[in-house]
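Please open the model in your viewer and keep the sequence panel at hand. The tour below moves from one selection to the next and says what is found at each stop.

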Amino acid sequence: MPSASAKVSAPPAGILRRLGALCYDLLLLIAVWMATLFVGVLANQGEAISAWWVPALLYAEAAAYFAYSWLQSGQTLGMRTWHLKVVDAGGGPITWQAATIRLLVAPLSMLAGGLGYAAYYWSPSQQTWHDQLSDTYVVQLPKPS
């Protein structure tokens, strides 16, 4: 739930803009994952790797990318392109705890048939599930002039 003392002054980012930024980030992650899997196949004498830890490694790479980006600047590469930023209820940087909650709940938001993202439309504060549970906001930044 959003905190009663939320002081976010920037307007909330639209859901389509947020999904556009996510698509940019996924393109970057796919390139990283391809490089990771290429190295893995080379290390496995050219054979495919079907170990249980491969999906865990790929998720860990994605989690590291998002967490690092959010904690350093509040923006991933995709969010920079679309002029978005993730902030806490006071409009400041998010914490490790908030980043962790976002990383755990965001995939569930999508896996639940997109309901976690659709929550944006019925939330008075225009937050998705992972925004609400981490008490964060994705805001639209002004375009540089």
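**A tour in selections**

Select Val8 to begin: with a relative accessibility of 25%, this residue counts as partly exposed. The model on screen is a predicted one, and Val8 sits in its segment before α1. If you display the surroundings of Val8 and set aside neighbours within four places in sequence, the residues in contact with Val8 are Val87, Asp88, Ala89, Gly91, Tyr137 and Val139.

Now zoom out to the whole chain and colour it by secondary structure. Six helices and two strands make up its secondary structure, and from the N terminus on these elements follow the order α-α-α-β-α-α-α-β. The C-alpha trace spans about 55 × 35 × 25 Å along its principal axes. Of the 145 residues in the chain, 37% are buried. Among contacts with a separation of 6 or more, 70% are between residues 24 or more positions apart.

Next, select helix α1 (residues 15-43) together with helix α2 (residues 53-72), whose axes come within 10 Å and cross at roughly 135°. Because angles over 145 degrees are needed for roughly antiparallel, α1 and α2 are oblique to each other. Their crossing is right-handed. To see the contact itself, show the side chains of Leu22, Asp25, Leu28, Leu29, Val32, Trp33, Thr36 and Leu37 on α1, and those of Val54, Leu57, Leu58, Glu61, Ala62, Tyr65 and Phe66 on α2. By class, this contact of α1 with α2 holds twelve nonpolar residues, one polar residue and two charged residues.

The axes of α1 and α5 are 11 Å apart, and the two helices pack at an angle of about 150°, so α1 and α5 are roughly antiparallel to each other. On the α1 side the contact is made by Ile15, Arg18, Leu19 and Leu22, and on the α5 side by Tyr117, Tyr120 and Tyr121. Six residues of the contact of α1 with α5 are nonpolar, none is polar and one is charged.

Which residues have the most contacts inside the largest nonpolar core? Select Trp70 and Met79, which hold that place in a core of 17 residues. At least two residues of this core come from each of α1, α2, β1 (84-88) and α4 (96-111), and α2 gives the most, with six residues. Centre the view on Met79 and, not counting residues up to four places away in sequence, look for the residues it touches: Ala21, Asp25, Trp70, Gly74, Leu84, Lys85, Val86 and Val138.

The last two stops are in loops. His83 lies in the loop between α3 (77-81) and β1, and its phi is near 60°, a positive value in a residue other than glycine. With a relative accessibility of 21%, His83 counts as partly exposed. Finally, select Asp135 in the loop between α6 (129-134) and β2 (136-140). Its phi is near 55°, again a positive value in a residue other than glycine, and Asp135 is partly exposed, with a relative accessible area of 22%.

Key
Residues are numbered from 1 along each chain as its sequence is written. This is a predicted model: local features need pLDDT of at least 70, side-chain atom pairs count only at pLDDT 80 or more; totals for chains, interfaces and linings use all residues. Side-chain values use heavy atoms; hydrogens and water are left out. Axes are lines fitted to C-alpha atoms, for helices over the stretch in contact, and angles run from 0 to 180 degrees between N-to-C directions. Helices (H or I, at least four residues) and strands (E, at least two) are DSSP runs, numbered from the N terminus. Angles under 35 degrees count as roughly parallel, over 145 as roughly antiparallel, 65 to 115 as roughly perpendicular and the rest as oblique. A crossing is left-handed if the near helix is turned anticlockwise from the far one by less than a right angle, and right-handed if clockwise. Contact means heavy atoms within 4.5 Å. Ala, Val, Leu, Ile, Met, Phe, Trp, Tyr, Cys and Pro count as nonpolar, Asp, Glu, Lys and Arg as charged, and the others, Gly among them, as polar. A nonpolar core is a set of buried Ala, Val, Leu, Ile, Met, Phe, Trp, Tyr and Cys residues joined through side-chain atoms within 4.5 Å. Buried means under 20% relative accessible area, exposed over 50%, partly exposed in between (1.4 Å probe, protein chains only).
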